[in-house]
Amino acid sequence: MALPVYLALTEAEFRLPTRKPAHLVWMGIRFTESGTLVGFPEVFPAGGILTVNDSSPLPEKCPPEAIKILQQWVEQFRPSAVLMDMQRSGAAPEVMKALSRGLPCPVAVSAPYADILPGPVLLPPIPLYRDPEDFLAPWAGREIWLEISPLGQVVRLTETGRDIRFAPASPEAQEHPGPCSHYTIRKGPDFIEFRFRRTSEDTAALFAAAEKHGVTKLFGLYWEYR
């Protein structure tokens, strides 16, 4: 059974007169300086996922008004889940707990705060140079949501360390098979560089391995996959 792919849209993307993805994620719910939550959509498709992020710093204590408006919105539109998409270091655990308490749907959390909430955990894309089984092993027994990216990866090794970055993936000659990816090697006077990409077969193998090891949903960005 193919894993469902959820695509995340900003408010501006949601308003575009284009066909919306079958599985939609709404980005943009955030705190204001006064501690209220803003950025809720006026309409919401059935089965979509709502995210609350920390693009604005979280308050130290969660205002009752924020809890109330989130609960009211969830009860009205019935999303399939709410994702606490917190990426900053030092986010207030009690705020996330207070927001999720009493919601009538699953509440997921991003990987840095996986110990705060017991629901699904959202992991970043599996590096192209990592074996999927090894990457997912620490999360055995936990429901996993996995981010995906169509970009390739470049790993450059020098005497001072390594530099890893995403880059557009294009077919290369003399490729070598890797863990659900292919790579080429380029040597310079003071570096060695590995360029990774995934073929359609690699991607199918990655998703099969991911599903086998606890992944139930895939997440991408709308602008990368539309």
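1. P79 counts as buried because its relative accessibility is 6%; buried means under 20% relative accessible area, exposed over 50%, and partly exposed in between, with a 1.4 Å probe and protein chains only. P79 sits in the loop between α2 and β5. Helices (H or I, at least four residues) and strands (E, at least two) are DSSP runs, numbered from the N terminus.

2. On the source: this is a predicted model, in which local features need pLDDT of at least 70 and side-chain atom pairs count only at pLDDT 80 or more, while totals for chains, interfaces and linings use all residues. Residues are numbered from 1 along each chain as its sequence is written, and side-chain values use heavy atoms, with hydrogens and water left out.

3. What does P79 touch, leaving aside its neighbours within four places in sequence? The contacts are F44, G48, L50, W73, V74 and C105, where contact means heavy atoms within 4.5 Å. E201 is 122 residues from P79 in sequence, and their C-alpha atoms are 33 Å apart in space.

4. W73, one of those contacts of P79, is itself buried, with a relative accessible area of 7%. F40 is buried too, because its relative accessibility is 18%. Ring pairs link F40, F44, W73 and F77 into a cluster. Rings of Phe, Tyr and Trp (its six-membered ring) pair if their centres lie within 6.5 Å; planes under 30 degrees apart count as stacked, over 60 as edge-to-face and the rest as tilted.

5. The structure holds 10 aromatic pairs. In one of them, F14 and W26, the ring centres are 5.1 Å apart and the planes stand at 80°, so this pair is edge-to-face. F14 belongs to helix α1 (residues 11–14) and W26 to strand β2, so the pair ties together parts 12 residues apart in sequence. Both F14 and W26 are buried. The F40 and W73 pair is tilted, at 5.9 Å centre to centre with 35° between the planes. F40 lies in the loop between β3 (37–38) and β4, and W73 in helix α2, so this pair ties together parts 33 residues apart in sequence.

6. The largest nonpolar core has 37 residues. A nonpolar core is a set of buried Ala, Val, Leu, Ile, Met, Phe, Trp, Tyr and Cys residues joined through side-chain atoms within 4.5 Å. L37, L70, M84 and L99 have the most contacts inside this core. At least two core residues come from each of β1 (5–9), β2 (24–31), β4 (49–53), α2 (64–77), β5 (81–85), α3 (93–100) and β6 (107–110). Helix α2 gives the largest share, six residues.

7. Take L37. Leaving aside its neighbours within four places in sequence, L37 is in contact with I29, R30, F31, V52, A66, I69, L70 and L99. A second, separate core has 15 residues, including I126, F135, L146 and C180.

8. Now the whole protein. It has six helices and 14 strands. The C-alpha atoms fill a box of roughly 60 × 40 × 35 Å, taken along the principal axes. Of the 226 residues, 44% are buried. Among contacts with a separation of 6 or more, 59% join residues 24 or more positions apart.
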